[in-house]
Structure formats: C-alpha cells, structure tokens
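Visitor: Please give me a close look at one part of this model. I would like to see one packing contact in detail, and then what surrounds it.

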Amino acid sequence: MTDLAGLLVAAASPERDHTAIVVRALYQPVGGSGRTVMPPTYPTNNERDPNDRYLIAKRLVDGDQRDSVVIDQEPSQANRVEEALRDARYQGRLQLPLFEMRASTQLGEIRLTSLDFPHRYADAYLRDSLVDGIRFDESPVGKRLRTATVANVRPLYEREPTSLIFGAWDSHRKGRWPKFARLYASSMYGLDPVRFRRMGGRMDPQNLTGAVDDAAKAEADWQFIAEGAKAKGKKLSEIGHGNIAPNPVPGGVTVSEIRRSASISLAGIARLRFGDATGEACNFARAALAALALAGDRLTFGVPSVWLRSGCDLAKMQEIVGLERPGGELDELAVTAQDALDAFHELRDRASARGIAMDSDTISIVPTASLDKAIKHAVTAGSQDAG
C-alpha cells in the first residue's frame, strides 16, 4: 500500500488520531496586493449603493475581531471541485461512475453530467430523464439509488460517490428521504475590506442620439427616430447604440489578505454505514472517499492561481495541507493531485476486493420531452459564460 493510502486508511479508521484533513492557504490578487477584487454579489434593498451587495461582517480571526468579506462560499467551492473531477474523468485520469445527459439544440449539443447537477443524485435533471426509454426513477439504476439510507450508503457509493462527499438531499420527490451532509467544506474570505467606488457607462464611437421605434426589433428592421420628433420610442441604448451616462456599479474591494480554509471531516466519514459489509471493507471504502475528496481539492486548488469570476483572479501566496490533531496542530502532507488520484484508485480497488464495489462506467440519459423543450429555450434565449 502506498504511503498516502495507508495514512488515509488510518485516518478513516475508528481508532484514528486525527479530526480532519485540512487545507489552509493565503492568496492575493494576481498582479499584487492592493488590486481590487470582485466578491460575489447578493440581493439588497439598497440599490443606491451597489457595493452594499457584498457580504461584509465581523469575523474572529486568530482571536481578534476583524472585518471580512465573502470571496467564495461552500456551495460554490464544491461546484469548482466537481468541475475539476469531471474534467479529470474526461481526461482519463480518474475512474469514476457518471451519468451523462446529451441534448441537441440549434446552437449545438449540450452535455451535462452528474457532476454538474446541483442536487447530485437527487437532482430534478435525473428525475426528468430517461434511461433506455424508461423514466429514471423507474429504471433499475434509479430504483437502486432510491434504496440508499443512512444505515446503508452503498447504492450511492456504487453509482454516485460524490453525493456522499459534497452532500445531497432529495427535496424534489414526495416522501421522506435521507439527508447526507457534506463531508468536504471549503470557503474563501478577505480581511479588512475597503470598498472601492466605480462608475460604469458607455461612449458611442459616433455619439449617436435619438431613439428606436421598437426595442424588440433590435435584430430586425428597427426604425430610427431623430431627436425632437413627435413619435414615441425607446432609447438607442436599449439596442446597443448611443451613450449611457455613468452610473454606480459594483466596484470591488481591496483587502489585506485572502484566506482559504478547507476540511474533509473524518468524523463525518466515520459515520457512513455500508449495511452488512465487513469492518475492513467499510474502512477501505471510507478511505477511498477521503482520497477522492482530497484529489478534487488538489485538482482545483493545488495550482499557482485560481480564477473565481471576472475581476477575481487570485494568486496563491502560501498553503499547508495536513491531518489535523485535536487542538488544531497539523501533521503536514506533501500531496499532489496525482498522489491523491493514485491513492483513490488503490483504495477503491481494495474496497471492491472486499465486497464494496464502485462503478466506473458512464450511463447515458436523455431529457424528457418537457425538459428538452426547456433546455432548448434556455440555450437560445440565455447567455453563455465563457468563464
């Protein structure tokens, strides 16, 4: 057994000495300290101050109260890790079971996987899909997933192990379904935020003025209405022409530093039950899940910089990965993404040899007729984020 696999087996065992696998890291904006960072924005009643849409609050840091701003929350960080696992799966670096939905649209084929679905194994995309012409919940694999319980998570381990790592709860189907809390949690926040004011507008290269008869004709034969004409119309800016006067827009913040804290709960992993499987088999399966979570973290964040959103490109300053002991001391781990991937495959195979198997194939699903229409409409009416 490799060193990392052995450490994870010990960490996942009932006689473990550690509380969690922990990552602590410091970041600054790419380009240097003092550059503005764009935090995520949230709804607010104060539309006069766009920067009021940031989550800024007091936080205890190293025993002192300091102002902090949310840079990335747990659900968003989990989605980034799932995306990295999906890419590793497509690159052939990771053997992992997958559901894959394909839908044809006039803009090309849309491909979604179980690592894209917000509610994971319990997601409505799965519910509203067909497996070999059968509604998902009535298919053999769908019925198998529905048998997962707190006392026996083997159906999810077999087919949807990331639901156990990132958490899942079936809130879309009737009945009472088990809740699986996330075992992996990660977040990023900035300290001592200073909000930056910014004005946004647009200058037309020809300083066009006037109006348009109907903004709905933007991609067709709209008619120009000159200034002073009695005809009513809409501003040229509504179809992308003319000037837009500067208005307050979210301006970002400057921070003294950005911290990232991540953990894989060993107590949470120890609570996973696999029915009547042997203790040895359970321990290898739990360690495999820990390795998969660690691999996802390293694939996503074990790199020099991370891009979270427009205006939020962050460079890593320092990082420590380790097994945390009671009291907070870390036994450091020198682990790469490939180390974690290799440990996962080894531990998964050892669990399989003892009776707890994990699939590695792709099951193709197609959207129901109604979902297919909804997808087509969203693709043609919505915008695409190239990030």
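Guide: Leu-4, Ala-5, Leu-8 and Val-9 of helix H1 meet Asp-339, Ala-340, Ala-343, Glu-346 and Leu-347 of helix H9, where contact means heavy atoms within 4.5 Å, and helices (H or I, at least four residues) and strands (E, at least two) are DSSP runs numbered from the N terminus. By residue class this contact holds seven nonpolar, no polar and two charged residues; Ala, Val, Leu, Ile, Met, Phe, Trp, Tyr, Cys and Pro count as nonpolar, Asp, Glu, Lys and Arg as charged, and the others, Gly among them, as polar. This is a predicted model, in which local features need pLDDT of at least 70 and side-chain atom pairs count only at pLDDT 80 or more, while totals for chains, interfaces and linings use all residues. Residues are numbered from 1 along each chain as its sequence is written, and side-chain values use heavy atoms, with hydrogens and water left out.

The axes of H1 and H9 lie 8 Å apart and the two helices pack at an angle of about 65°, with axes taken as lines fitted to C-alpha atoms, for helices over the stretch in contact, and angles running from 0 to 180 degrees between N-to-C directions. Their crossing is right-handed, a crossing being right-handed if the near helix is turned clockwise from the far one by less than a right angle, and left-handed if anticlockwise.

Within H1 (residues 3–12), the buried residues are Leu-4, Ala-5, Leu-8, Val-9, Ala-11 and Ala-12 (buried means under 20% relative accessible area, exposed over 50% and partly exposed in between, with a 1.4 Å probe and protein chains only). These residues cover an arc of only 165° around the axis, and they therefore sit on the same side of H1, the arc being that of the directions from the helix axis to the C-beta atoms. The cover over the buried residues of H1 includes strand S1 (20–29), helix H7 (266–270), helix H8, strand S20 (312–324) and H9 (337–353).

H8 also packs on H9. Their axes come within 8 Å and cross at roughly 160°, and H8 and H9 are therefore roughly antiparallel to each other; angles under 35 degrees count as roughly parallel, over 145 as roughly antiparallel, 65 to 115 as roughly perpendicular and the rest as oblique. The crossing of H8 and H9 is left-handed. On the H8 side the contact is made by Ala-281, Phe-284, Ala-285, Ala-287, Ala-288, Ala-291, Leu-292, Leu-294, Ala-295, Arg-298 and Leu-299, and on the H9 side by Ala-337, Ala-340, Leu-341, Ala-343, Phe-344, Leu-347, Arg-348, Arg-350 and Ala-351. Sorted by class, the residues of the contact of H8 with H9 comprise 17 nonpolar, no polar and three charged.

The residues of the contact of H2 with H8 consist of seven nonpolar, three polar and two charged.

Leu-85 and Leu-292 lead on to Thr-162, which is in contact with Leu-85, Leu-96, Leu-115, Arg-120, Gly-167 and Leu-292 once its neighbours within four places in sequence are left aside. Thr-162 is found in helix H6 (residues 161–166) and is buried, with a relative accessible area of 3%. Its contact partner Arg-120 lies in the loop between strand S5 (108–113) and helix H3 (124–127), and is buried at a relative accessible area of 8%. Phi of Arg-120 is near 55°, a positive value in a residue other than glycine. Most residues other than glycine have a negative phi.

Of the 387 residues in the chain, 45% are buried. Among the contacts in the chain with a separation of 6 or more, 74% are between residues 24 or more positions apart.
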